[in-house]
Amino acid sequence: MMLAWTIYISFAGALALLLLPQRFAAWSRVIALLLAVITFSIALVAFVEHRSGAMFTVVHRSWISSLGIGFDLRADGISLTLLLLTGAIGVCGILFSWNVEHRVREFFALYLLLIGAVYGVFLSYDLFLQFVFYEIVVIPKYFLIAIWGSTRREYAAMKLVLYSFIGSAMVLIGLIAAYVASGSRSLALGDLAGFAFTPHFQMWAFPLVFAGFAILAGMWPLHTWAPTGHVAAPTATSMLLAGVVMKLGAYGCLRVAMTLFPLGMGPWGFHFLGLGSWRDVFAVLAVIGILYGALVALVQRDFKFVIGYSSISHMGFILLGLMTLNQIGISGAVVQMVSHGILAGLMFAVVGRMVYARTHTRDLTALGRLHLSKALPFAAFTFVIAGMASMGLPGFSGFIAELMIVLGVWRAYPTLVIFVAIGLIAGVAYIWRAMQMAFFAGRDTEPAALEHPLEPITMPERIGAVLLIGASLVVGIFPQLFLNVIRPALESPLFSGLRQGGW
Amino acid sequence: MDVMGYGQLLERAWPEIIVVLTAFVVVACDLVAFRRATAGARFGAAVAIGAAGCVGAVWKLMASAPVMNQTSMMVDTPLTRLVQAGLLVLTIVVLLLSVGAQFTEHVGEFVLLVLLGTAGMLFLVAAQDLLAIFISLELLSLSLYILTGFDKASPRSAEASLKYFLFGGMSAAFLLFGFSLLYGFSHSTTLSGIAMAVHEQPHNPILMVAMVMAVVGFGFKIAAAPFHFWAPDVYQGAPVQSAAFIASGSKVASFFIFFQVMVLGFAGAEGSASLTRMTSGWVPILVLVSCASMLLGNLAAIAQMSLRRLMAYSAVAHAGYMLLGYVAHTERSLAALLYYVVTYSLATLGVFGVLAVTEKANGDDSISGLSGLSRRAPFLSFCLAIFLLSLAGIPPLSGFFAKFLLFTSVLAAAPGSMLLLWLVVLAIGMSAVSLFYYLRVLKRVYVADVEAQAAPLRAPVFGQVVIGFLAASVALLGCAPDLLLNALVGVVRASGL
């Protein structure tokens, strides 16, 4: 029951902040933080209470009776895991935007609106409701980037919104078609998943809906909104974008596209360029994404672009994990969603808030001259930790997630493992290069003169960084915490079509 | 066919009579009692009387049970009553929006024309006979021509009025020609009589010509491409309140009667536009018009610099979406169409309401003039965002639900039809395009920086209340569509097609 309040509290908070009188504007960040902590606690309590991972109903009311659409919120192990991630990133994002001064009420109002909608997507069981929340996400993203962003913000914001909207248009076409094909009675996920769509229908609906969601998950070659969007976004927004919004796409791929249309992944019956099914196509695109993202990240001059492209690479792992269609691969994909959410959030926090907000440059060469490892030792420390986790060092979340995915790929697509391995090595290289150039370069030169000395790292930043590092360690050291709820969810009847369809 | 006596006719036409009488009372009061009052007071009084008359008409519509006589010149079904009540509500909103307007001294005449146009719309909705349809349509159109040119100080208003009149006259001629062919073909002027004749000879060439003529005539009224040429100029030149009236109420009435004529009158001559086997009929024609409207409306809207012209082209685009409901022509698609056109009208009225305030302050309707509006008028900007996002189809606003409803009803009309699927794909794709130009406006409002000397915008409280009410209804109908949808589905089912 309580979980629904994560949505209500966030939306009510957004409205309250908009109505807040101007003279109390400074309080808005405190209010936003408070509300985010409350919603996070609700998610945490629900996670602890539901150790079985089975699906349970949160709220179920009739909504649009004549179309069979209900206000139906349910959660299982997968959504609980992602709700927890949303809560954690939501809290940390506010901590890292403590320095926002420009139109501060609107900033946090839009921020809470975004978080509330993300909670909504993860909780919805009725697909109409889920689509509503999915679309609500689009608008606050636009304004957060266009108003508070940096480099080419209006271009990046519009590009991001149009890509998202085209993706959701593809999803909407698939949903409407599925709704009509199943007799226009219900849009609940379980009802649609239980309906036997014809193989022909699934063959076109699956790629449409999967690609629609995958646009938001940063699938190559439809990823181009992501680096520009992340770079232009203000710190908290890029944390949310990379941390949870991209996960919405991956979650939709698993929860909607793969669940509703499992036969769409079956063999075509012929081979084209060696590809025999949509599953092969998306697996290959995911691998290209891994390699492309990593190699492009290797040659960036802009610190934030390095992280932006690394996100493409890491999201490729998630999509690849989904396409393995075996339990270890898909579980690994879900763990990778959490892991990448935490680490991308952390890295964007370091680059956007700790470094860029102080030095006003993200150029790696220029940063090298500033001797940041001495000037901002905490930033350097945090980035080293985040980098190690992102490379996949044992003990951190990235290791276990990528290991599971590689094992899954080994079973499903043995040949692709070579390319994944290259991607992993490139992942070490680009993190190493960025770390070296940004923080540890220029030892032998004099530090560049600055007009103002860099202000020290503030307390909210330290708390946020420690929280995220801690979260990554928890996932890395006790992955069973999450796997124990993800596995039963994957074994639930909801995914039975998927299990019979080839895994 | 049973003949209706004058007594019966008068009894059935009570709502229209109330509206017309109110119109005369308004003029009389304005000319006699309020001659020396200020313009503001005169508008206040005239609008109060006019709105009261509309409320009376709505009450009359709700008070008695419909007669349900299908064969006469005018029908009276739950469906027509609900649509008429909706039209009266839209008229009331237009009247309320014109409180405090300064474009004219002829207050009484303005309200008179709005009310006469409303009477025309009420008759139009109930009409089942070609002559009655034509006369009501002309009553509506003539009022609109004059309303367009009502701003005597503005040359643009006069130009728009003349353009509207010339195009309108031409389209009326097409319509009349089509109607005369229909009469010659079927020896009947009622829709049911025509349908019987159509049933016997569905492929008669004269019928085809008449059909095309009817599409041209009505296509002009609903501003579907390629009959939309008047729209941008009229939307831009007309006084805001007239433009709002043209864009809302007259659209609802025209869409409704167009549907009636096509689906009832030409029943049996639908033809088929399936991708593999095309047979002639009105469905293939409307498919073409619909595609043209969606493409042209959305693409041309991208290039607009003026918010009013943008709204005109977006109206063309929305006409394209709504025509899909005709292509499906089922009971469900009629309910969806009505839901769409009503919520669309509410959002459009809202945009024009906001424009009325900003134009007074800025002097023009350019999109760049809206820069930084959110800092100067936060409430109005918020409402404008709701209206535009609803038009773009962003949930949870009513525009999204209207699209969802319409598209599902279209696909459900013939499951598995590739043509309908491709039309829906085009429509959804074009909605993605439309988000771009609506967001461009909102970008100006919210993102652009304010000029240093910009003062808070002074907006009349009453106008803000009306706009706030519109925004609330747009949001409410999206969050709780059952409120309107159940009523619509109920009356459509009760009245049959």
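## Basis of the description

Residues are numbered from 1 along each chain as its sequence is written, while chains are lettered from A and ligands numbered from 1 in the order in which they are written. Because the model is predicted, local features need pLDDT of at least 70 and side-chain atom pairs count only at pLDDT 80 or more, whereas totals for chains, interfaces and linings use all residues.

## Chain A as a whole

Chain A has 22 helices and 4 strands, where helices (H or I, at least four residues) and strands (E, at least two) are DSSP runs numbered from the N terminus. Its radius of gyration, taken over C-alpha atoms, is 22 Å, close to the 23 Å that the globule rule (2.2 Å times the number of residues to the power 0.38) gives for 503 residues, so chain A is as compact as a globular protein of that length. Along the principal axes, the C-alpha trace of chain A spans about 70 × 55 × 40 Å.

Of the 503 residues in chain A, 61% are buried; a residue is buried if 20 or more other C-beta atoms lie within 10 Å of its own, exposed if 12 or fewer, and partly exposed in between, with C-beta atoms placed from the backbone. Among the contacts in chain A with a separation of 6 or more, 81% are between residues 24 or more positions apart, a contact being two residues whose C-beta atoms, placed from the backbone, lie within 7 Å.

## Chain B as a whole

The secondary structure of chain B consists of 21 helices and 2 strands. With a radius of gyration of 22 Å, close to the 23 Å that the globule rule gives for 497 residues, chain B is as compact as a globular protein of that length.

The C-alpha atoms of chain B fill a box of roughly 70 × 55 × 40 Å along the principal axes. Buried residues account for 60% of the 497 residues in chain B, and 78% of the contacts in chain B with a separation of 6 or more come from residues 24 or more positions apart.

Strand β1 (residues 56–64) of chain A pairs with β2(A) in the antiparallel sense over 7 bridges, where two strands pair if DSSP finds at least two bridges between them. The bridge partner of A:F56 in β2(A) is A:A75, and the two strands form a hairpin with 4 residues between them, in whose turn A:G68 has a positive phi of about 70 degrees. Strand β2 (residues 69–75) of chain A has 6 of its 7 residues buried, so it is largely enclosed by the rest of the structure.

Strand β3 (residues 267–272) of chain A has 0 of its 6 residues buried, so it lies largely in the open. It is joined by 2 bridges to strand β4 (residues 275–277) of chain A, and these strands run antiparallel. A:P267 stands opposite A:S277 in β4(A), and the hairpin formed by β3(A) and β4(A) has 2 residues between the strands, with A:L273 in the turn showing a positive phi of about 55 degrees.

## Helices in chain A

Helix α10 (residues 225–232) of chain A is mostly covered, with 8 of its 8 residues buried; among them are A:W225, A:P227 and A:H230. The elements that cover the buried residues of α10(A) include α6 (138–148), α7 (153–181), α11 (235–260), α13 and α14 of chain A.

Helix α13 (residues 303–324) of chain A packs against helix α14 (residues 327–359) of chain A at an angle of about 175 degrees, with their axes 8 Å apart. Axes here are lines fitted to C-alpha atoms, for helices over the stretch in contact, and angles run from 0 to 180 degrees between N-to-C directions. That angle makes α13(A) roughly antiparallel to α14(A) (over 145 degrees). By class, the contact of α13(A) with α14(A) has 13 nonpolar, 9 polar and 1 charged residues, where Ala, Val, Leu, Ile, Met, Phe, Trp, Tyr, Cys and Pro count as nonpolar, Asp, Glu, Lys and Arg as charged, and the others, Gly among them, as polar.

## A loop residue, A:I457

A:I457 is placed in the loop between α19 (416–439) and α20 (459–477) of chain A, and it counts as partly exposed because it has 18 C-beta neighbours inside 10 Å. Leaving aside its neighbours within four places in sequence, A:I457 is in contact with A:M354, A:L376, A:F378, A:A379 and A:R462. The C-alpha atoms of A:I457 and A:A379 are separated by 7.7 Å, although these residues are 78 residues apart along the chain.

## The contact between the chains

The contact takes 27 residues from chain B and 26 residues from chain A. On the side of chain B that touches chain A, the elements giving two or more residues are α18 (398–413), α19 (418–447) and α21 (482–495) of chain B, and α19(B) gives the most, with 13 residues. By class, that side of chain B has 21 nonpolar, 4 polar and 2 charged residues.

How values were computed. Angles under 35 degrees count as roughly parallel, over 145 as roughly antiparallel, 65 to 115 as roughly perpendicular and the rest as oblique.
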